[in-house]
Amino acid sequence: MTTIQAIQGDITKQAVDAIVNAANTSLLGGGGVDGAIHRAAGPELVFECRMLHGCKTGDAKITKGYRLPAKYIIHAVGPVWRGGQHNEPDLLASCYRRAMEIATAHNLTSLAFPNISTGIYGYPKDKAAEVAITTIQQCLEQPTSVQEVLFVCFEADNFLLYQQLLK
Ligand code: AR6
């Protein structure tokens, strides 16, 4: 039985098999949680990222975690919110699904997600939380190595949303 839990905190501090990054298509770093992860992982991370040649929106790629307590980083690229009629829900769901597939392919057991797309990319937090939780629940109907899914909310309002939806 896989457990799904929400906490409020900093994803760079989580000692899990992999943390998920809310990256951009270049995979070369940026602001928000991406900037925090690159700072905490150290400069070796961007060298590995350069060899990945970017990532499409809705997809994800894995690197080592370097100086993080997490062993790996799964870099997922969420959609920019453009009003909701541009395939945003499917692209966001795809990020969570791809991260779960990659974690399973690497036989990882614990995985921590940030609230992908809800910062700089402007996805409404309530809608994003529904997509995140529903997609993870669907993924858990398939065989997976993942035993523990953690939603790491940076802000109190996101944490509250996840608590309510996971009740
Ligand atoms: N731990 C957990 N969550 C965090 C942390 C942290 N240390 N820092 C911020 N958040 P954002 P996006 C939350 O903007 O919307 C970057 O420049 C934040 O409060 O990081 O997917 C990339 O390079 C919010 O709830 O990612 C892309 O260009 C959530 O993480 C672009 O931003 C996501 O916010 C991606 O935008």
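# A walk through the structure

Visitor: Why does Leu 28 count as partly exposed?

Guide: The relative accessibility of Leu 28 is 43%. Buried means under 20% relative accessible area, exposed means over 50%, and partly exposed is in between, using a 1.4 Å probe and protein chains only. At 43%, Leu 28 therefore counts as partly exposed. Before we go on: this is a predicted model, where local features need pLDDT of at least 70 and side-chain atom pairs count only at pLDDT 80 or more, while totals for chains, interfaces and linings use all residues. Residues are numbered from 1 along each chain as its sequence is written, and side-chain values use heavy atoms, with hydrogens and water left out.

Visitor: Where does Leu 28 lie?

Guide: In the loop between β2 and α1. Those labels are DSSP runs numbered from the N terminus: helices are H or I, at least four residues, and strands are E, at least two.

Visitor: What does Leu 28 touch?

Guide: Leaving out residues up to four places away in sequence, Leu 28 touches His 38, Val 46, Cys 49 and Arg 50. A contact here is heavy atoms within 4.5 Å. Leu 28 and His 38 are 10 residues apart along the chain, and their C-alpha atoms are separated by 9.0 Å.

Visitor: Which residues of helix α1 are buried?

Guide: Helix α1 covers residues 32-41, and its buried residues are Asp 34, Gly 35, Ile 37, His 38 and Ala 41.

Visitor: What makes Val 33 partly exposed?

Guide: Val 33 is found in helix α1, and its relative accessibility is 24%, so it counts as partly exposed. Not counting residues up to four places away in sequence, Val 33 touches Ile 11, Asn 21, Ala 22 and Pro 114. Gln 85 is another story: Val 33 and Gln 85 are 52 residues apart in sequence and 26 Å apart in space, C-alpha to C-alpha.

Visitor: What volume does the largest pocket have?

Guide: About 550 Å³. On a 1 Å grid over the protein atoms alone, a pocket is an open set of points with protein on both sides within 12 Å along at least five of seven lines, a cavity is a set where a 1.4 Å probe fits but cannot get out, and lining residues have an atom within 4 Å of a point. Points are joined across faces, edges and corners, and the volume is the space filled by probe spheres set on them. The largest pocket is lined by 26 residues, and the closest to its centre are Ala 22, Gly 32, Val 33, Asp 34 and Gly 119. The elements giving two or more residues to this lining are β2 and α1; α1 gives the most, with four residues.

Visitor: Why do the buried residues of α5 line one face of the helix?

Guide: Helix α5 runs over residues 156-166, and its buried residues are Asn 158, Phe 159 and Tyr 162. Looking down the axis of α5, these fall within an arc of 100°, so they line one face. Their cover includes β1 (3-8), α3 (88-105), α4 (125-139) and β6 (148-153).

Visitor: What is the phi of Asn 87?

Guide: It is positive, about 70°, although Asn 87 is not a glycine. Most residues other than glycine have a negative phi. Asn 87 is found in the loop between β4 and α3, and at 41% relative accessibility it counts as partly exposed. Asn 107 also has a positive phi, near 60°. Its place is the loop between α3 and β5 (110-113).

Visitor: Why does Asn 107 count as exposed?

Guide: Because its relative accessibility is 58%. Phe 47, in helix α2, is exposed as well, with a relative accessible area of 52%. Phe 47 and Gln 5 are 42 residues apart in sequence and 32 Å apart in space, C-alpha to C-alpha.

Technical notes: The arc is that of the directions from the helix axis to the C-beta atoms.
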